[in-house]
Amino acid sequence: MTRSSPLKLKRSPVGESPQGDAGPVKGAWKILIVDDETEVHSVTKLALNGYRFAGKGLQFLDAHSGAEARDILAAHDDIALVLLDVVMETEHAGLDVVGYIRETLGNRLTRIVLRTGQPGQAPERRVIIDFDINDYKEKTELTAQKLFTLMSASLRSYRDMVALEDSRRGLKKIIDASANIFTQTSMQKFAEGALEQLLSLLRVKKGDAFYGRRIDAMAALRKDSRVEILAGTGKYARAERQVSQGGMPDTTMSDTMPNTMPDTMDELPAEIGGLLERAADRNIIMDRQILSYHKGPSGHENFLYVGGDVDMETIDRDMIELYARNVGVAFENVDLHRQIEETQREVVYRLAEAVETRSMETGNHLKRVAAMCKLLALEYGLSEDEAEILMYASPLHDVGKIAIPDAILNKPGKLDAAEWEVMKTHSELGHRMLVSSDKPILKAGAIIALEHHEKWDGTGYPNGKAGKDIHIYGRIVAIADVYDALASKRCYKDAWALGDIYTLVKSEKGRHFDPDIVDVLTRNLDYVQQIMVDYADGQTELFGKPRAVSL
């Protein structure tokens, strides 16, 4: 609705350099003016010409209706303040925009100031009570000086709200990491949360989009002269992770960050290395650099480093010191948990490898089966946690063979009927060895040992289970084990050609194998074959680093 603008332009000294309404300005506060009068937009910008707050100017966004405002708000999630008219295309268009911001977008951070030239259409008392706004002004009272005061109060509130939200997110990440301390990514999640929380204490938003400062930060772990980068920003942003914890291929490739730094390095950048030499198990806060350093009883060193455009004048040094000390101790605890977990996994693998060695199958059969199981599990729809458990438990599928006589286990020819009955007992023997454990990997191993020779049509052993009565772990390991057995040379046979393996697997769909898992395997044959290449027999590392297999 077109009305003469009641805004008065009484200039007061409000800043240093003009900002105007040019295009995107790095490090500027975004202000959305929503009003159907062009003159209101012009007068507002003129009144705020040269305004600066916390060292930054303003970037204006213009909407002349509630509909235009909604489009802009959907495209910009970092608008600091909305100066919002009430009566535009409808008598309540502005109030509808308030509902869109708070309810539809779920945005509680952006400050909203209603400006109306017709207060009778939206009485102040009712609007303040019924709508989540931050101020209510009649246009007749908004002089340049009052607009300056309004802008300063609103931006200060927005800045502090964003800092609190960043702090909440950082703490939530740390809490989530603590709650899932034994998951593969717990150390990485903890490091990301610790770094984000430190940046929030410095009032720096991760990604630098809001505060407009270049921040180079790193969370890392150093052991045996190698540095593992766990999280980073700026020039220390981590490269894409290619290998999961424990060395098996991470086929999910879900943890993607800018490809600027490797996961590990032999030598730290000079700016960090120099500080570490001086740290001696203490924290350093100086010269636009912050280093939180901790060396635990295990000899592992962990540190958080922040450099770049850090405002050392405004930070709470005592809070940073306290936070850094607590994070150092927490890093040590998380790292100890990870070492225990990795040790358990390696013991499981060594046990399974000992069985394979006894049966004269000393290649990388276990690694290939484990990698295939994780791939198939994820593509089938199992969670990341279940896929991880399956991957680490699958090497135990034939652990019961440790009790099978050598004459039968390593017989080069076909087993006779009596020998075959003895061989089949390895499933139940393996299950009995593992079933009493309450550890997730060993419990899964017991299921796999018992059921990986069951068949979809019920003709398998030892219990003749059929269909989905067979545990999903057993169904996945069954096809991975057979596929690798056919593709590999054994003491009693040569390796099969890929075409022949494909034909057999398809022919056994709905007979030996779960039809859905056959479909998953055939859709991912390229990745399966890459696993066969990455873990070809002849590699000697227990946890080698294969080429990445990304889905």
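In the predicted model described here, L376, E379 and Y380 of helix α9 meet D516, I517, V520, L521 and R523 of helix α17, where contact means heavy atoms within 4.5 Å, and where helices are DSSP runs (H or I, at least four residues) numbered from the N terminus. The model is a prediction in which local features need pLDDT of at least 70 and side-chain atom pairs count only at pLDDT 80 or more, whereas totals for chains, interfaces and linings use all residues. Residues are numbered from 1 along each chain as its sequence is written, and side-chain values use heavy atoms, with hydrogens and water left out.

By class, the contact of α9 with α17 has five nonpolar, no polar and three charged residues, with Ala, Val, Leu, Ile, Met, Phe, Trp, Tyr, Cys and Pro counted as nonpolar, Asp, Glu, Lys and Arg as charged, and the others, Gly among them, as polar. The axes of α9 and α17 come within 10 Å and cross at roughly 110 degrees, the axes being lines fitted to C-alpha atoms over the stretch in contact, with angles running from 0 to 180 degrees between N-to-C directions. Helix α9 is therefore roughly perpendicular to α17, a term that covers angles of 65 to 115 degrees.

The largest nonpolar core has 47 residues, and those with the most contacts inside it are L390, I476, I479 and Y483. Such a core is a set of buried Ala, Val, Leu, Ile, Met, Phe, Trp, Tyr and Cys residues joined through side-chain atoms within 4.5 Å, buried meaning under 20% relative accessible area with a 1.4 Å probe and protein chains only. Among the elements that give two or more residues to this core are α8 (317-358), α9 (365-380) and α15 (472-487), and α9 gives the most, with 10 residues. When residues up to four places away in sequence are not counted, Y483 touches M372, L498, I501, V505, L521, L525, V528, Q529 and M532. Apart from this core lies another, of 24 residues, among them V34, A69, L73 and L95.

The axes of helix α2 (residues 66-75) and helix α3 (residues 93-104) come within 9 Å and cross at roughly 20 degrees. Helices α2 and α3 are therefore roughly parallel to each other, as angles under 35 degrees are classed. Their contact is made by G66, A69, R70, L73 and A74 of α2 and by D96, V97, Y100 and I101 of α3, and these residues divide into six nonpolar, one polar and two charged.

Methods
Angles under 35 degrees count as roughly parallel, over 145 as roughly antiparallel, 65 to 115 as roughly perpendicular and the rest as oblique. Buried means under 20% relative accessible area, exposed over 50%, partly exposed in between (1.4 Å probe, protein chains only).
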